[in-house]
Amino acid sequence: MRVFVTGTAGFIGFHLAKRLLEAGHLVDGYDGMTPYYDPGLKEARRAILLRSNGYRDTIAMLEDMEALTRAAEEAAPDVIIHLAAQAGVRYSLQNPRAYVDANLVGAFNVMEIARLLKPRHFLWASTSSVYGASPTVPFHESDRTDFPLTLYAATKKAGEAMAHSYAHLWSIPTTMFRFFTVYGPWGRPDMAPLKFVDAIENDRVIDIYNHGDMSRDFTYVADLVEGVVRLIDCVPQRDSDDDSVSPVAPYRVVNIGRGAPVQLLDFIETIERALGKKAKRNYLDMQPGDVPRTFASADLLERLTGYRPQTSLEEGVAALVEWYRDYRGAHGELAF
């Protein structure tokens, strides 16, 4: 296949592009290399991808329609996978405009590219944050998602709605993924897993919100990528008798999560064991926009692909710690 992937210098995009290249596919990447977190980490990921003869990329913003169109037309993709976005729940309180620019304007541009190029499948990353503080667990794709708690969640929910309209109007087969707390090697420094590892390793205090009374459905990045790759061939069809597909469009939403939520304090203890060090803890109240729990139903993913995430927390955290120590040895300190 020829695959056009946005966000290839990002955490998930890097792992997905690497997996596709290893399988022999041709990948055209597109990334803005924004300074939201350490650009050196993004450059290191990109350098690995550029070693492959099957990879090329464009460095430009999603909002740059001219650059995006040129890159996508040169790629001539069979499949488009849109991962690039302004991520982060807490940052949306500090810089909300970045979310409007990337997750609404930029996402619209990618939809226009899909309308123009008509890929056989258009796949797009949403987030478990659209479920808000839903009291019903596990979270199913059919649950109501009308009450986002942050602008980040609202922009991703808007993306789902916009994608559905384009799937209906232009018959673009579209799959939206809802990702659940992805972690692992090459992870994002703004997310708790890598932030905790770095702080504990360097004897700094970690902030623990809601006094630790929270749980997350931590999903190892290789498991998530496996789910995405398997879904590429699960193309939703208009007028399907599959009840996971929209009744009016070739469109579906799929959770990708392990379906095994972990208490935050248990997660911290797993990191402590992997590092062989104890955390210095600072307990705080819940932050605005945070949710008490996330919990994926992976039933639809398994029905469609025969797969559900399997990596245990202990295995995943050990791999994260090993990568972190190797990266610091080769590249020096990460910028947090």
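Predicted model: local features only at pLDDT ≥ 70, side-chain atom pairs only at ≥ 80, totals over all residues.
Q: Which residues does the UniProt domain annotation cover?
A: An annotation of this kind may be inferred rather than shown by experiment. Here the unreviewed UniProt entry gives "domain: NAD-dependent epimerase/dehydratase" for residues 3-234. In the model, that span is 44% helix and 18% strand, and its end C-alpha atoms lie 15 Å apart.

Q: How are helices α1 and α2 oriented to each other, roughly parallel or roughly perpendicular?
A: Angles under 35 degrees count as roughly parallel. Helix α1 (residues 11-22) and helix α2 (residues 39-49) have axes 10 Å apart, at an angle of about 10 degrees. The pair is therefore roughly parallel. On the α1 side the contact uses F11, F14, A17, K18 and L21, which meet R45, I48 and L49 of α2. Sorted by class, these residues are 6 nonpolar, no polar and 2 charged.

Q: At what angle do α5 and α6 cross, and with which hand?
A: The axes of α5 (residues 96-117) and α6 (residues 151-170) come within 10 Å and cross at roughly 15 degrees. α5 and α6 are therefore roughly parallel to each other, and their crossing is right-handed. From α5 the contact takes in P96, Y99, V100, N103, L104, A107, F108, M111, E112 and R115, and from α6 L151, Y152, T155, K156, A158, M162, A163, Y166 and W170. By class there are 14 nonpolar, 2 polar and 3 charged residues in this contact.

Q: How many residues of helix α7 are buried?
A: A residue is called buried when its relative accessible area is under 20%. For α7 (residues 192-201) the count is 8 of 10, so the helix is largely enclosed by the rest of the structure. The buried positions are P193, L194, F196, V197, D198, A199, I200 and E201. They pack against β7 (182-183), β8 (205-208), α9 (264-275) and α11 (313-331). Just after α7, D203 has a positive phi of about 60 degrees.

Q: Which residues of helix α8 are buried?
A: The reading is by the cut-off already given for buried residues. In α8 (residues 221-231), 9 of the 11 residues are buried, so this helix is largely enclosed by the rest of the structure. They are V221, D223, L224, V225, E226, G227, V228, V229 and L231.

Q: Is I206 buried or exposed?
A: I206 belongs to strand β8 and counts as buried, at 2% relative accessibility. Beyond four places in sequence, I206 touches F196, A199, I200, I268, A279, K280, R281 and N282. Its C-alpha atom is 6.2 Å from that of K280, although I206 and K280 are 74 residues apart along the chain.

Q: Where does V89 lie, and what does V89 contact?
A: V89 is in the loop between β4 (79-82) and α4 (91-94). At 22% relative accessibility, V89 counts as partly exposed. Apart from neighbours within four places in sequence, V89 contacts S129, T150, Y152, G289 and D290.

Technical notes: Residues numbered from 1 in each chain as written. Heavy atoms only, no water. Buried < 20%, exposed > 50% of the residue type's maximum accessible area, 1.4 Å probe, protein only. Helix = DSSP H or I, 4+ residues; strand = E, 2+ residues; numbered from the N terminus. Contact = heavy atoms within 4.5 Å. Axes fitted to C-alpha atoms, helices over the stretch in contact; angles between N-to-C directions. Parallel < 35°, antiparallel > 145°, perpendicular 65-115°, else oblique. Left-handed = near helix turned anticlockwise from the far one by under 90°. Nonpolar A, V, L, I, M, F, W, Y, C, P; charged D, E, K, R; others polar.
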